[in-house]
Amino acid sequence: MKLKFTKMHGAGNDFVVIDAINQQIDFTTAQWKALADRRFGVGADQLLVVEKSTNPSCDFRYRIFNNDGGEVEQCGNGARAFAKFVAEKGLTERRSIAVETMSGIIAPRLEEDGSVTVDMGAPVFDPALVPFDTEGLEGRPEGNDTLWPLVLELAGEKETVLVSVLSMGNPHAVQVVPDADTAPVELTGPLIEHHAHFPKRVNAGFMQLVSRRHVRLRVFERGAGETLACGTGACAAVVAGIRRGLLDSPVRVDARGGELSIAWAGEGEPVYLTGPAVTVFEGEITV
């Protein structure tokens, strides 16, 4: 079949966005993976699908597939692209929309300056809900947070890293590093992603503190590898930093692909993610 698509990005985190309201989509995992391939397909970190909502209180349903073909619960940068896409395609006239996702309802809003703010919902800290298996681990309190030790095996030697564990609709493990540029993202990111204590794998965040309102961040994403930006990863990193007493809201997050802004008022409150959403090109491909 011929598939119409739009290529977009949010701070360098790139997407293939597909209107599944006006065209029928029923792809296998292999087809999603092929579409995301940067040599033989369009190429993307994630593929975003716009559908009619099954929830009467929502405007749309939002589905996300990583470039390994697997469907995942949430993508913050993708949510901004999603909001820009439905507005540009005339699928809605509203500047604020309610969107159904696998992990719950989110609320993107188009700002006057062209950026998009997304109400990402409240973070989840209960290890069982992340999910994170704490059996055999002893957490270390820091501020209002708990740091968990993860043992990683590197070249036959064991190394322990301390991480904050939380969910932003998807699981995250965040560690503070001295320098984001030299952080061993490619080396330890896969080990953290597939660590036995995370039954559904995890996104590994490497956060450098610049000031109390400014961080630099790299994220090794579950099912996608390191991306130029990760919206939920930025939210998780800032929330972890605030809980540890290291940061004050709002926080500027410098990712390799651009700048994001995260605001969080504290326990039980939603996290607000603001950043760019850019359309790169439109196309059609035979799948």
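A: Domain bounds here come from an automatic or database domain assignment. The model is a predicted one. That assignment gives domain 1 (2-120 + 277-286) and domain 2 (127-269), and the centres of domain 1 and domain 2, taken over C-alpha atoms, are 24 Å apart.

Q: What makes domain 1 and domain 2 count as being in contact?
A: Contact requires heavy atoms within 4.5 Å. By that criterion 18 residues of domain 1 touch 19 residues of domain 2, so the two domains are in contact.

Q: How much area do domain 1 and domain 2 bury between them, and which residues of domain 1 lose the most?
A: About 1,300 Å² is buried between domain 1 and domain 2, and 47% of it lies on carbon and sulfur atoms. On the side of domain 1, the greatest losses fall on Ala11, Glu73 and Met120, which together account for 34% of what that side buries.

Q: Why is the pair Arg222 and Glu73 called a salt bridge?
A: The rule asks for a side-chain nitrogen of Lys or Arg within 4 Å of a carboxyl oxygen of Asp or Glu. Between domain 1 and domain 2 the count is two salt bridges.

Q: How many residue pairs are in polar contact across the interface of domain 1 and domain 2, and which helix gives the most to the side of domain 1?
A: Six residue pairs, both members at pLDDT 80 or more, are in polar contact across that interface. Helix 2 (residues 76-88) gives the most to the side of domain 1 that touches domain 2, contributing three residues. By class, that side of domain 1 holds four nonpolar, 10 polar and four charged residues.

Q: How do you know that strand 1 is paired with strand 19 and with strand 2?
A: Pairing needs at least two bridges. Strand 1 (residues 2-10) has eight bridges to strand 19 (residues 278-286), in the antiparallel sense, and five to strand 2 (residues 13-19), also antiparallel. Both counts meet the threshold, so both pairs qualify. Individual partners can be named: Phe5 is bridged to Gly283 in strand 19, and Thr6 is bridged to Val17 in strand 2.

Q: Why is strand 8 said to pair with strand 7 and with strand 18?
A: The threshold is at least two bridges. Strand 8 (residues 116-119) is joined to strand 7 (residues 104-110) by four bridges and to strand 18 (residues 271-275) by four bridges, so each pair passes. Both pairs run antiparallel. Leu110 has Val116 as its bridge partner in strand 8, while Asp119 has Tyr272 in strand 18. In the hairpin of strand 7 and strand 8, with five residues between the strands, Gly114 takes a positive phi near 95°.

Q: What makes strand 17 a partner of both strand 16 and strand 18?
A: Again at least two bridges are needed. Strand 17 (residues 258-264) forms five bridges with strand 16 and four with strand 18, so both pairs qualify. Val253 stands opposite Leu260 in strand 17, and Ile262 stands opposite Leu273 in strand 18. Strand 16 and strand 17 form a hairpin with two residues between them. The hairpin of strand 17 and strand 18 has six residues between the strands, and Gly266 in the turn has a positive phi of about 125°.

Q: Which peptide bonds are called cis, and where do their prolines lie?
A: The bond from Val130 to Pro131 is cis, with omega near -5°, and Pro131 is found in the loop between strand 8 and strand 9 (140-142). The bond from Ser249 to Pro250 is also cis, with omega near -5°; Pro250 lies in the loop between helix 4 (231-243) and strand 16 (251-255). Most peptide bonds are trans.

Notes:
Residues numbered from 1 in each chain as written. Predicted model: local features only at pLDDT ≥ 70, side-chain atom pairs only at ≥ 80, totals over all residues. Heavy atoms only, no water. Buried area = accessible area lost by both parts, 1.4 Å probe. Polar contact = N/O pair within 3.5 Å; in protein donor to acceptor, adjacent residues only side chain to side chain. Nonpolar A, V, L, I, M, F, W, Y, C, P; charged D, E, K, R; others polar.
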